[in-house]
Amino acid sequence: MIRHEIQETGKSTAIEHIKASMKNEGCSCKTKNPKGACCLGDVQAAIDSEHVSLQKQSAARHV
């Protein structure tokens, strides 16, 4: 979902969505995240990685 959103819009709203869920529904990382801890760092790393991947793909197309 993150990859698709970045490809379509150039950004991801995943972090904002998670933060809003934390405020409204409470944090469920201990039960939903296999690490049993906050997922924000992992999600941000995935977003950053996808941005880098798309930049590399774009650069390769322009060569």
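View 1. Cys 38 is partly exposed, with a relative accessible area of 45%, where buried stands for under 20% relative accessible area, exposed for over 50% and partly exposed for what lies in between (1.4 Å probe, protein chains only). The residue belongs to the loop between H3 and H4; helices (H or I, at least four residues) and strands (E, at least two) are DSSP runs, numbered from the N terminus. Leaving aside neighbours within four places in sequence, Cys 38 is in contact with Cys 29 and Asn 33, contact being defined as heavy atoms within 4.5 Å. Ser 28 lies ten residues from Cys 38 along the chain, and the C-alpha atoms of Cys 38 and Ser 28 are separated by 8.5 Å. This is a predicted model, in which local features need pLDDT of at least 70 and side-chain atom pairs count only at pLDDT 80 or more, while totals for chains, interfaces and linings use all residues. Residues are numbered from 1 along each chain as its sequence is written, and side-chain values use heavy atoms, with hydrogens and water left out.

**View 2. Asn 33 in the loop between H3 and H4.** Asn 33 counts as buried, at 13% relative accessibility. Not counting residues up to four places away in sequence, Asn 33 touches Ser 28, Cys 38, Cys 39 and Asp 42.

View 3. An α-helix has 3.6 residues a turn, so residues three or four places apart point the same way. Just after H2, Gly 26 adopts a positive phi of about 90°.

**View 4. The largest nonpolar core.** Ten residues form this core, namely Ile 6, Ala 14, Ile 15, Ile 18, Cys 29, Cys 39, Leu 40, Val 43, Ile 47 and Leu 54; a nonpolar core is a set of buried Ala, Val, Leu, Ile, Met, Phe, Trp, Tyr and Cys residues joined through side-chain atoms within 4.5 Å. H2 and H4 are the elements that give two or more residues to this core, and H4 supplies the largest share, four residues. Ile 15 touches Leu 40, Val 43, Gln 44 and Ile 47, when residues up to four places away in sequence are not counted.

**View 5. Ala 45 in helix H4.** Ala 45 counts as partly exposed, at 43% relative accessibility. Met 1 is 44 residues from Ala 45 in sequence, and the two are 14 Å apart in space, C-alpha to C-alpha.

View 6. The secondary structure of the protein chain comes to four helices and zero strands, and along the sequence the pattern reads α-α-α-α. The radius of gyration of the protein chain is 14 Å, well over the 11 Å that the globule rule gives for 63 residues, so the chain is more spread out than a compact globule; this radius is taken over C-alpha atoms, and the globule rule is 2.2 Å times the number of residues to the power 0.38. The C-alpha trace spans about 45 × 20 × 15 Å along its principal axes. Buried residues make up 22% of the 63 residues in the protein chain. As for confidence, the mean pLDDT of the protein chain is 88, and 98% of its residues reach 70 or more, pLDDT being the predictor's confidence in each residue, from 0 to 100. Among the elements, helix H3 (residues 29-32) has the lowest mean pLDDT (81) and helix H1 (residues 2-9) the highest (92).
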